[in-house]
Amino acid sequence: MKEVHYNDYLELNKILDAQFLESDKLDQHAHDEMLFIVIHQTYELWFKQLLFEVNSVAAIMSETVNDNSPALQTVVHRLNRVVSILKVLVHQIDIMETMTPMDFLDFRDMLRPASGFQSWQFKELEARLGLKYQHRHGQEYYISQLRQEQIDIIKKAESEKSLLQLLNGWLERMPFFEEGSLWEKYRSMGADPAGTGLHQFWADYRQLYSGSLSEVENANRAYFDKVFLDASTEDRQLSPRATRAALFIMLYRGYPIMQLPFQLLNNLLEIDEQMSIWRYRHMSMVHRIIGTRVGTGGSTGKEYLKGALDKHYIFAEIARLTSFLIERRRLPELSREMEVRLGFVQK
């Protein structure tokens, strides 16, 4: 068996010899350019790992996942890893911020038109998670500075089923209730759910939720129907059926079979939160270092980052479900049949 050497296995000669300072090429050495290069190379390595994990999760979820199988545990484990890596990306900004504005000015103009805006891996990651083109900030130029082979990679990612779309299919398959088409008929019937023959649980829950609202929250009744009943609502990626399953998971996460599904949903919310924190820290750092000047690649700098921060929430449809929770003590009691289905009691 061939012996493996640490240096060769990690290709350290390639990695450690991959830092070429533009300032040195011009005989104007800028000390902090080395830090700048190493941090961004590290970011790209982490982006590669994030894509590796997300693609593996998508591959598992593209098949029918047994919710009591090791497959779901693997999905949760790898999403946990994604969250941990994103936290590292946030903390790397602490290191970057040891570089002062004057330190950056020593080599900034030598970088044009290179820019972090040209990080195609991050754009691919956003697409694989579920950020649609129509939801992007700066649609007109988000790929304008990329090479054609990089554009092709992003477009391919956008054409394939995203993690959010696969999540929708998984949630729709979760057999909590045999609902049939009753919920879908609700809108055309124009009747109170309690009188439509809907599954009693959801009729009861809608009534309990309505009773928990204050006067200033009355509009949430119509919002409830729109989110959980109206399949015709445009520009949604989670169907009413999938959304009901997600809410049920949040409400009854104390049941053993609900633990992994709840952790999956919670990890997706954490991914959105960590990416949002990263964008905010990035925006604040850019403002601190270059103020209102444009980025080296010609973007609007801080203003572009702020637009992306405000708009690029991928799992917002899961996050909004917290608007429809009620206190544990008021939750409808599940039938014995349902508890058997959830694995809480034996038959």
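**Figure 1. Overall view of the predicted protein chain.** In the protein chain, 75% of the contacts with a separation of 6 or more are between residues 24 or more positions apart, where contact means heavy atoms within 4.5 Å. This is a predicted model, in which local features need pLDDT of at least 70 and side-chain atom pairs count only at pLDDT 80 or more, while totals for chains, interfaces and linings use all residues. Residues are numbered from 1 along each chain as its sequence is written, and side-chain values use heavy atoms, with hydrogens and water left out. The secondary structure comprises 17 helices and zero strands; helices (H or I, at least four residues) and strands (E, at least two) are DSSP runs, numbered from the N terminus. Of the 347 residues of the protein chain, 47% count as buried. Buried means under 20% relative accessible area, exposed over 50%, and partly exposed in between, with a 1.4 Å probe and protein chains only.

**Figure 2. The largest nonpolar core and the surroundings of Tyr205.** The largest nonpolar core contains 92 residues. Such a core is a set of buried Ala, Val, Leu, Ile, Met, Phe, Trp, Tyr and Cys residues joined through side-chain atoms within 4.5 Å. Leu167, Trp170, Leu171, Tyr205, Leu264 and Ile271 are the residues with the most contacts inside the largest core. When neighbours within four places in sequence are left aside, Tyr205 is in contact with Phe224, Leu247, Leu251, Phe324, Leu325, Ile326, Leu331 and Pro332. In soluble globular proteins, nonpolar side chains tend to be buried together.

**Figure 3. The largest pocket and its lining.** The space in the largest pocket amounts to about 1600 Å³. Its lining has 49 residues, and those closest to the centre of the pocket are His40, Ser115, Gly116, Phe117 and Gln118. On a 1 Å grid over the protein atoms alone, a pocket is an open set of points where a 1.4 Å probe fits, with protein on both sides within 12 Å along at least five of seven lines, and lining residues have an atom within 4 Å of a point. Grid points are joined across faces, edges and corners, and the volume is the space filled by probe spheres set on the points. At least two lining residues come from each of α4 (33–61), α5 (70–96), α7 (120–129), α14 (259–290) and α15 (302–311). The most is given by α4, with eight residues. By class, the lining holds 25 nonpolar, 15 polar and nine charged residues; Ala, Val, Leu, Ile, Met, Phe, Trp, Tyr, Cys and Pro count as nonpolar, Asp, Glu, Lys and Arg as charged, and the others, Gly among them, as polar.

**Figure 4. Aromatic rings around Phe224 and Phe228.** The model has 17 aromatic pairs. Phe224 and Phe228 form one that is tilted, with 4.7 Å centre to centre and 45 degrees between the planes. Rings of Phe, Tyr and Trp (its six-membered ring) pair if their centres lie within 6.5 Å; planes under 30 degrees apart count as stacked, over 60 as edge-to-face and the rest as tilted. Because they are four residues apart in helix α12 (residues 219–228), Phe224 and Phe228 are separated by about one helical turn. Both Phe224 and Phe228 are buried. Tyr209, Tyr223, Phe224, Phe228 and Phe324 form one aromatic cluster.

**Figure 5. The loop residue Leu321 and its contacts.** Leu321 is found in the loop between α16 (316–319) and α17. It counts as buried because its relative accessibility is 0%. Leu321 touches Val227, Phe228, Thr243, Ala246, Leu247 and Met250, not counting residues up to four places away in sequence. From C-alpha to C-alpha, Leu321 and Val227 are 8.9 Å apart in space, although 94 residues apart in sequence.

Figure 6. Ser23 lies in helix α3 (residues 22–25) and, at 0% relative accessibility, counts as buried. Beyond its neighbours within four places in sequence, Ser23 is in contact with Gln28, His29, Ala30, Glu33, Phe107 and Met110. The loop between α3 and α4 includes Asp27 and Asp32. Asp27 is exposed, with a relative accessible area of 73%, whereas Asp32 is buried, at 14%. The phi of Asp27 is near 55 degrees, a positive value in a residue other than glycine. Asp32 is in contact with Met99, Asp103 and Phe107, leaving aside its neighbours within four places in sequence.
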